[in-house]
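Here's a quick briefing to read with the model open beside you.

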Amino acid sequence: MKFYRLFILLIVIISAAQAKAQVNGVTIKMPVLGKNDTIRVAGTNDNGEMIPWIPLQEVVIYGVRIFKTPAERAAYSRLRYNVMKVMPYALYAKQRYEQLEKDLALTTEKKEQKKLVKQCDKEIKDMFNREIKELTITQGQILTKLVDRELGRTTYDIVKETKGGFTAFLYQSVARVVGHNLKSTYNPQEERDIESIIISSGFYQ
């Protein structure tokens, strides 16, 4: 009797090892799953039911710009050239002034704060003397708007905070003479072409 039970158990074990599934009369082999066949996903418990979900990366869809005239296409090409030329300066200004704010927050000594502001001012002036002075009036106007876009403050406000109101007034006066306005702000709705160029430019990848 014991031998009979052992024989039955052996048959069951062999049958399980060679199990095949029958689907609509067709015999298929069951796949052997490994550790790489398991996908771990996040889940949310909704009233006792676990609902799996996978976060997806944002997909940005761009429309194809249709120009009515060759002149309109040329104007957009000039705008794109100007934006691409000055955008790195706006990003540099953002990085430099954010670093300045962090440095100023770490010290309460007026002398050290003045030193930090002076160093930042020197770096900006060096860049101006080296590159920015070659910008056209149009490029300068775009740059002041992009500074506001990146920092959330106008160029005038930045100068006022770091150098004082009188210096900001002098800078603004000089800027107005050559066609600039340090108080220029950025409105994405009004500057849709510039915003579109920036988003599709690859600066934020």
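This is a predicted model: local features need pLDDT of at least 70, side-chain atom pairs count only at pLDDT 80 or more; totals for chains, interfaces and linings use all residues.

**Nonpolar cores**
- The largest nonpolar core is made of 26 residues. Val-86, Tyr-97, Leu-143, Leu-146 and Ile-198 have the most contacts inside it.
- At least two residues of this core come from each of α2, α3, α4 and α7. The largest share belongs to α2, which puts in 9 residues.
- There's also a second, separate core of 5 residues, and Tyr-156, Val-159, Ala-168 and Ala-175 are among them.

**The buried face of α7**
- Ile-194, Glu-195, Ile-197 and Ile-198 are buried in α7. Looking down the axis of α7, you'll find its buried residues within an arc of 160°, so they line one face of the helix.
- The general rule behind that kind of pattern: an α-helix has 3.6 residues a turn, so residues three or four places apart point the same way.

**Aromatic rings**
- Search the whole structure and you get 1 aromatic pair. It's Phe-67 with Tyr-76: the ring centres are 5.4 Å apart and the planes are at 55°, so the pair counts as tilted. An angle over 60 degrees would have made it edge-to-face.
- Both Phe-67 and Tyr-76 are buried.
- Elsewhere, Lys-183 lies over the face of Tyr-156, 4.6 Å from the ring centre. Tyr-156 is one of the residues of the second core.

**His-180, in a loop**
- His-180 belongs to the loop between α6 (165-177) and α7 (192-199). Its relative accessibility is 18%, so His-180 counts as buried; the cut-off is under 20%.
- Beyond its neighbours within four places in sequence, His-180 is in contact with Thr-136, Ile-137, Gly-140, Gln-141 and Ala-175.
- His-180 and Leu-143 are 37 residues apart in sequence, with a C-alpha to C-alpha distance of 9.8 Å.

**Thr-107, in another loop**
- You'll find Thr-107 in the loop between α2 and α3 (110-130). Thr-107 has a relative accessible area of 14%, so it's buried.
- A polar atom of the Thr-107 side chain lies 3.2 Å from the backbone nitrogen of Glu-109.
- Not counting residues up to four places away in sequence, Thr-107 touches Glu-112, Gln-113 and Leu-116.

Technical notes: Residues are numbered from 1 along each chain as its sequence is written. Side-chain values use heavy atoms; hydrogens and water are left out. Helices (H or I, at least four residues) and strands (E, at least two) are DSSP runs, numbered from the N terminus. Buried means under 20% relative accessible area, exposed over 50%, partly exposed in between (1.4 Å probe, protein chains only). Contact means heavy atoms within 4.5 Å. The arc is that of the directions from the helix axis to the C-beta atoms. Rings of Phe, Tyr and Trp (its six-membered ring) pair if their centres lie within 6.5 Å; planes under 30 degrees apart count as stacked, over 60 as edge-to-face and the rest as tilted. A charge sits over a ring if NZ of Lys or CZ of Arg is within 6 Å of the ring centre and within 35 degrees of the ring normal. A polar contact is a pair of N or O atoms within 3.5 Å; within protein, one must be able to donate a hydrogen and the other to accept it, and residues adjacent in sequence count only if both atoms are side-chain atoms. A nonpolar core is a set of buried Ala, Val, Leu, Ile, Met, Phe, Trp, Tyr and Cys residues joined through side-chain atoms within 4.5 Å.
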